[in-house]
Amino acid sequence: MPIEIVCKIKFAEEDEKQKEKEEGDKESLIEEPARPRSRDLATFASTSTLHGLGHICRSGRLGVRQTLWAFAFLASLAFFLYQAAKSALLYLEHPHVVALDEEAIREMVFPAITICNINRYRHSALTDADIFHLANMTGLPPKDRDGHKATDLLYPDPDMADIVNRTGHQLDDMLKSCNFSGENCSSRDFTVVYTRYGKCYTFNGDRRNPRVTRQGGMGNGLEIMLDIQQEEYLPIWRETNETSFEAGIRVQIHSQDEPPYIHQLGFGVSPGFQTFVSCQEQRLTYLPQPWGNCRASMQGEQLLPGYDTYSIAACRLQCEKEAVVQSCHCRMVHMPGNESICSPNVYIECADHTLDAAVEDSQERCSCPTPCNLTRYGKEISMVRIPNKGSARYLARKYNKNETYIRENFLVLDIFFEALNYEAIEQKKAYDLAGLLGDIGGQMGLFIGASILTILEILDYIYEVIRDKVSRVLRRSKPPLKKPSGSIATLGLEEMKDQSPCETMGRHVEGAYNAGILPNHHHRHHYPHQGVFEDFAC
């Protein structure tokens, strides 16, 4: 019975076009197995967790159902992108809200209280040299008690710091009574501080050991009686920048962490009245950039000697000092630093004008942003007239003054906490990164049913496609290998008698057999239509 054996015969000569086609579509008989091809879009869509994609990317022609699904998917995707863009723009605006809360505590740190007499120089304390040097500041005529004119007077150079300290109102003379939370106090509980009003005094200014109060209401704070000494006020001969028409004191309630800035932040207290000041502590917390404009205090930063934290008052004093030192090469008495103090003439000719210009142009020349943590005190002020007729006689006898003097010079200042609580006013982020991610995630799930893992799936598919494209490009750039033509020849059994080793070759992979067992390996047979017969495999 004749047997036919089907073999693939490889010829040495092949058509070039046929080789190029086979290189792109078939694997060589001797080439290693290729990597698995990447998934096509339909396969990816059928396995993706992205909703709707599997209904669109199906095999076959695009039908009505697939078109409707495509429109629905694109509409949902557009809504999602619109909402996500709105959320992103809102986040980039960095909005904030203000939260107000009230906290009650058992004890509270009492604030620092700075008081200044509106009159800067006591008339009786001025010497002839002082009057001569301060003539342009006080408006007093520059001559001594004997009537000599200014051209006949010779005095040593003035010391402005000594003049301010010596001629300012002394607290020992002004303070008539002092009481804090039921305990007596005295002038020793005040510290000297210099401001634009000259020599002033601060109660409870020690930030390392501040006084505390354990009860709110009247009588549980600071209560002082002062004599403003109007008879010591300078007479007005002519108006100058230092001329004052008021009588009384200036008061500022501030934190121990900031210096007094009393000429702008203080309030006035008149003689002949008892003034009640009910305080409410407010602790403010601001946000830094980009949500706000506050300035955080740096560790170890020291803008003013004795003040370790940043404050607006310290910044302004430092800025004013730098402006005066730059223009006048000296500083004023109330300014911090170690530079030399200006003389009275420089005060009038340079320092006062420079300081006024610096205050007016503070927004341009000196930027003092709000600190991120700030303590301030809200105030409610009320007053009653003192003394009444009965107490006027008693006070006149007690202090050896007449009743008119008592009414024109005495005042009582009562400062206390309204209650042992404070207001916490805090700026908070209205829309932070967690809110943005939550909104985008919710909108992604609502409109297209996607999540973070869906995005990873898409990235993984893109990677597979790129990898497959790159692999194909690299394979095509290699030198071409000889490919079998794939031509089929039919041989009869008689022609294969001498070639029984074909049974052994059939067990090998095509192209992977030993060349020594191939028939006609050393003898070539010529076929006129197919070319030179080199090798075959069963």
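The following dialogue goes through the terms used for this predicted model and the values behind them.

Trainee: What kind of model is this, and how are residues numbered?

Mentor: This is a predicted model, in which local features need pLDDT of at least 70 and side-chain atom pairs count only at pLDDT 80 or more, while totals for chains, interfaces and linings use all residues. Residues are numbered from 1 along each chain as its sequence is written, and side-chain values use heavy atoms, with hydrogens and water left out.

Trainee: How many helices and strands does the chain have?

Mentor: The chain has 17 helices and 18 strands. Helices (H or I, at least four residues) and strands (E, at least two) are DSSP runs, numbered from the N terminus.

Trainee: Why is helix H4 called roughly antiparallel to helix H15?

Mentor: The axes of H4 (residues 64-92) and H15 (residues 433-447) cross at roughly 170° and come within 9 Å. Axes are lines fitted to C-alpha atoms, for helices over the stretch in contact, and angles run from 0 to 180 degrees between N-to-C directions. Angles under 35 degrees count as roughly parallel, over 145 as roughly antiparallel, 65 to 115 as roughly perpendicular and the rest as oblique. The crossing angle therefore makes H4 roughly antiparallel to H15.

Trainee: Which residues of H4 and H15 meet?

Mentor: Contact means heavy atoms within 4.5 Å. On the H4 side, the residues include Phe79, Phe80 and Tyr91; on the H15 side, Leu433, Asp439 and Phe447 are among them. The residues of this contact divide into 10 nonpolar, 4 polar and 1 charged. Ala, Val, Leu, Ile, Met, Phe, Trp, Tyr, Cys and Pro count as nonpolar, Asp, Glu, Lys and Arg as charged, and the others, Gly among them, as polar.

Trainee: What share of the chain is buried?

Mentor: Buried residues make up 39% of the 538 residues.

Trainee: How do you know that Cys178 and Cys185 form a disulfide?

Mentor: A disulfide is a pair of cysteine sulfur atoms within 2.5 Å. The sulfur atoms of Cys178 and Cys185 are 1.6 Å apart, and the two form a disulfide. Their link is left-handed, with -85° about the S-S bond. Both cysteines, Cys178 and Cys185, are buried.

Trainee: How many disulfides does this rule give?

Mentor: The count comes to 6. One of them joins Cys294 to Cys372, with sulfur atoms 2.0 Å apart. That link is right-handed, with 75° about the S-S bond. It links distant parts of the chain, 78 residues apart: Cys294 is in the loop between strand S13 (273-285) and helix H10 (312-328), and Cys372 is in the loop between helix H12 (362-365) and strand S14 (373-385).

Trainee: What makes Cys315 and Cys368 a disulfide?

Mentor: The S to S distance of Cys315 and Cys368 is 2.1 Å, and a disulfide joins them. The pair links distant parts of the chain, with Cys315 in helix H10 and Cys368 in the loop between H12 and S14, 53 residues apart. With -85° about the S-S bond, the link of Cys315 and Cys368 is left-handed. Both Cys315 and Cys368 are buried.

Methods:
Buried means under 20% relative accessible area, exposed over 50%, partly exposed in between (1.4 Å probe, protein chains only).
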